Amino acid sequence: MFDPEMTLNAAEDVCRILQQCKISAVVIGATALAAYNYARQTEGIDLGVNADLATLRSVLHALQNDGYTAELREPDDNDPLGGVIDVTGDFGLLQIVSYADRFPAVIEDAIANSSLTVRSGSPLKLTPIPQLIAMKLYAGGYKSKADIVELLRRNPEIDTAQLKTVCKRYRLRGLDELINEAF
């Protein structure tokens, strides 16, 4: 049975391990969506990082040495991600998703601009909305586009001009249509 508190505690511990490996992380995925008024079912927490494969392998060993069950899924040439570590246990699933060598600027900016955490005193930083939307736009696909529309609808105070500037900086296309659909 999914226990959100247990999952959150494990994610905070994994974040500590990442920090020991000199890697900064931000919360992405459904947990980040929920922080911005769009809750959808999830049984895990995703952490976005910029880490090359050698670093991901080091993180994998650090996690395993700390008692976690973890598996690294290395990318192929067509993968939009730079590798994913699945961390599993009684707490559910945590994913460490690397954007290195694929879309590192979005993680760098999310880390630099993050001002919110998942709870007081937590090391888990939340991805700011502009970078979260950029990640979803980069991912493409129907579900990601639907997530963007819902984020826009549920956060009408979003500065769409700033959002457009951020996505243009990342050379992402398709935002205008989603803004029109949302509003």
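User: In this predicted model, what is the handedness of the crossing in which H4 passes H5?

Analyst: H4 passes H5 in a left-handed crossing, and the axes of H4 and helix H5 (residues 129-139) come within 9 Å of each other.

User: Why is H4 called roughly antiparallel to H5?

Analyst: The two axes cross at roughly 160°, and since angles over 145 degrees count as roughly antiparallel, H4 is therefore described as roughly antiparallel to H5. On the H4 side the contact is made by Val106, Ile107, Asp109, Ala110 and Asn113, and on the H5 side by Gln131, Ala134 and Met135; by class, these residues divide into five nonpolar, two polar and one charged.

User: What makes Ser122 count as buried or exposed?

Analyst: Ser122 has a relative accessibility of 9%, and because buried means under 20%, Ser122 counts as buried. Its place is in the loop between helix H4 (104-113) and strand S6 (125-126), where, leaving aside residues up to four places away in sequence, Ser122 touches Glu12 and Thr117.

User: How do you know how H7 is oriented relative to H8?

Analyst: The axes of helix H7 (residues 160-169) and helix H8 (residues 175-182) come within 11 Å and cross at roughly 155°; as the cut-off for roughly antiparallel is over 145 degrees, H7 is therefore roughly antiparallel to H8. Thr160, Leu163, Lys164 and Cys167 of H7 make the contact with Leu175, Asp176 and Ile179 of H8, a set with four nonpolar, one polar and two charged residues. The crossing of H7 and H8 is right-handed.

Note on methods: Residues numbered from 1 in each chain as written. Predicted model: local features only at pLDDT ≥ 70, side-chain atom pairs only at ≥ 80, totals over all residues. Heavy atoms only, no water. Axes fitted to C-alpha atoms, helices over the stretch in contact; angles between N-to-C directions. Helix = DSSP H or I, 4+ residues; strand = E, 2+ residues; numbered from the N terminus. Parallel < 35°, antiparallel > 145°, perpendicular 65-115°, else oblique. Left-handed = near helix turned anticlockwise from the far one by under 90°. Contact = heavy atoms within 4.5 Å. Nonpolar A, V, L, I, M, F, W, Y, C, P; charged D, E, K, R; others polar. Buried < 20%, exposed > 50% of the residue type's maximum accessible area, 1.4 Å probe, protein only.
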